[in-house]
Amino acid sequence: MWQRLSFKTQLVLPLLVSFLAALALGGVLLQIFAAGQLADENEPGRRSTRTVADALNSSLGASDNPQKMLDAFVGSLGSSSDIQFRPLEAGPPPPARERLQDLHGVPQWFVDLIAVPEIDAATPVIIGGRRVGDIVFVPDLSAELFEKWIGFLALTGLIAVLMVLTGTIAYLFAGSALRPLRDLGTGLTRIRRGDYTTPIPVAGPPEIRQSCEEANALVTTLAQLSEDNRDLLHRLVSLQDNERRDLARELHDELGPLLFSIRAGTIALSEASPQTGHLGNSVQEVMRSVEALQQTNRRILDRLRPLYIEELGLETSLQTLLQNFRKQAPHIGLTTALDPDLNGIDGPLAQTVYRLIQEALTNVLRHAAARNAHVQASIAGKALAIEISDDGAGFPADNVFGRGLTGMQERVRALSGSLTLLRADERTYVRCRLPLETARDGSASI
């Protein structure tokens with residue numbers, strides 16, 4: 001539980017406990033030594049009482065009228081004196097606690113804490129060999145208790161002031177020390193998220209300043225590595241596009257004419273000879289196989305390099321792609337919202353958008369078992385936002401990105417964009433955001 005407390009709490013709490021312990025120790029010491037101190041302070045009065053009693057007994061023994069002398073002595077004492085004559089019939093004096101008169105606001109718990117000792121002293125008075133009373137020492141301890149109460153309040157007040165002052169200083173010091181640490185933690189979080197543009201403020205003690213400086217040096221290195229990585233991805237994507245373009249050209253220039261020749265030869269063969277028996281069936285099978293090969297070739301060419309983008313524009317090419325999807329999957333209700341300004345986008349950005357939507361729809365068709373899907377592509381400010389959603393079964397928790405979307409993620413990263421896949425409200429969303437202006441190559445623009 002201690003580890004869950006904040007640093008300020010861990011710093012201030014021991015100080016608070018220490019001051020409370022000091023206060024409790026002060027109370028214990030007060031209880032131990034106050035009673036003895038009260039007894040020591042009143043010891044002279046006890047000795048004086050014995051001296052007065054001895055002198056009175058001597059005078060009474062030598063006097064012709066001892067009772068008159070005793071009465072005169074009692075009259076001279078007064079009611080406020082700590083030394084009193086107590087007749088024998090009056091009984092013993094009450095305990096010291098019961099004689100406390102005006103405590104001057106001293107609380108009873110403080111009196112009980114001190115444990116007021118019994119410091120009374122009594123010396124018998126003898127007349128004619130008979131005890132007639134006692135000379136007693138009955139001090140009023142109210143003043144001494146008030147003095148000790150004031151001292152206790154002063155000690156408590158001093159401890160409280162020191163506690164508040166020390167706690168405030170510790171709290172402010174912890175705040176000034178934690179602020180650079182919070183900035184460092186926030187900066188590390190930005191680094192983890194891929195933000196290398198905002199440096200971490202360098203502040204605080206030398207140890208924290210050094211950590212901030214090292215973190216900023218790490219940011220610079222990571223930013224350079226990220227830039228190099230994007231350049232590498234961009235070159236890799238360009239190489240892939242070049243390979244796709246060369247492969248598509250080969251398929252178009254080599255395989256296309258061959259398939260056309262086979263189709264033309266088959267048609268000529270069917271026209272030159274009667275289509276009877278087994279020969280007629282074989283000719284029809286060859287024709288169907290050639291048509292299937294031509295359709296497969298066109299589909300492969302379309303996936304390798306969508307030629308429509310350069311001639312027709314991105315928006316028109318996407319509309320063609322969506323129409324083909326509706327023909328291929330009539331059981332899926334497809335709705336779209338495409339920005340007409342997409343036709344102004346070309347180059348790697350247009351190819352990335354086309355292939356992202358193509359790959360996402362392929363996944364919907366093959367894996368989602370969806371009944372409805374929606375494609376949206378719009379331009380907002382200096383960014384292009386793309387979203388493909390469906391109401392299918394979603395994606396496995398341990399396999400967020402498949403091979404196709406992983407390739408798309410590399411393309412998006414090469415263009416300094418972001419690609420996310422999430423599940424919400426029983427729908428699966430593929431969301432992509434791409435900058436329209438790329439400082440690296442300027443290939444995306446409106």
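**Close-up views of a predicted model**

**Figure 1. Overview of the protein chain.** Residues 24 or more positions apart supply 69% of the contacts in the protein chain with a separation of 6 or more. The model shown is predicted. Eleven helices and eight strands make up the secondary structure of the protein chain. The protein chain has 446 residues, and 34% of them count as buried.

**Figure 2. Packing of helix H2 with helix H3.** H2 covers residues 43-62 and H3 covers residues 66-77. Two packed helices are described by the angle between their axes and the distance between the axes. Here the angle is about 150°, and the axes of H2 and H3 lie 9 Å apart. Angles over 145 degrees count as roughly antiparallel, so H2 and H3 are roughly antiparallel to each other. From H2, the contact is made by Val52, Leu56, Ser59 and Leu60. From H3, Pro66, Met69, Leu70 and Phe73 take part. Seven residues of this contact of H2 with H3 are nonpolar, one is polar and none is charged.

**Figure 3. Helix H9 and its buried face.** H9 runs through residues 314-328, 15 residues in all. From first C-alpha to last, H9 reaches 21 Å, close to the 21 Å expected at 1.5 Å a residue. The buried residues of H9 are Leu314, Glu315, Ser317, Leu318, Leu321, Leu322 and Phe325. Seen down the axis of H9, these buried residues fall within an arc of 160°, so they line one face of the helix.

**Figure 4. Helix H10 and the residue just after it.** H10 spans residues 347-368 and has 22 residues. Its first and last C-alpha atoms are 31 Å apart, close to the 32 Å expected at 1.5 Å a residue. Just after H10 comes Ala369, with a positive phi of about 55°.

Figure 5. Leu405 belongs to H11, which covers residues 403-414. Buried means under 20% relative accessible area. At 7%, Leu405 is therefore buried. Leaving aside residues up to four places away in sequence, Leu405 touches Leu356, Glu359, Asn363, Leu419 and Leu421. Asn363 and Leu405 are 42 residues apart in sequence. In space, their C-alpha atoms are 9.1 Å apart.

Key:
Residues are numbered from 1 along each chain as its sequence is written. This is a predicted model: local features need pLDDT of at least 70, side-chain atom pairs count only at pLDDT 80 or more; totals for chains, interfaces and linings use all residues. Side-chain values use heavy atoms; hydrogens and water are left out. Axes are lines fitted to C-alpha atoms, for helices over the stretch in contact, and angles run from 0 to 180 degrees between N-to-C directions. Helices (H or I, at least four residues) and strands (E, at least two) are DSSP runs, numbered from the N terminus. Angles under 35 degrees count as roughly parallel, over 145 as roughly antiparallel, 65 to 115 as roughly perpendicular and the rest as oblique. Contact means heavy atoms within 4.5 Å. Ala, Val, Leu, Ile, Met, Phe, Trp, Tyr, Cys and Pro count as nonpolar, Asp, Glu, Lys and Arg as charged, and the others, Gly among them, as polar. The expected span of a helix is 1.5 Å times one less than its number of residues. Buried means under 20% relative accessible area, exposed over 50%, partly exposed in between (1.4 Å probe, protein chains only). The arc is that of the directions from the helix axis to the C-beta atoms.
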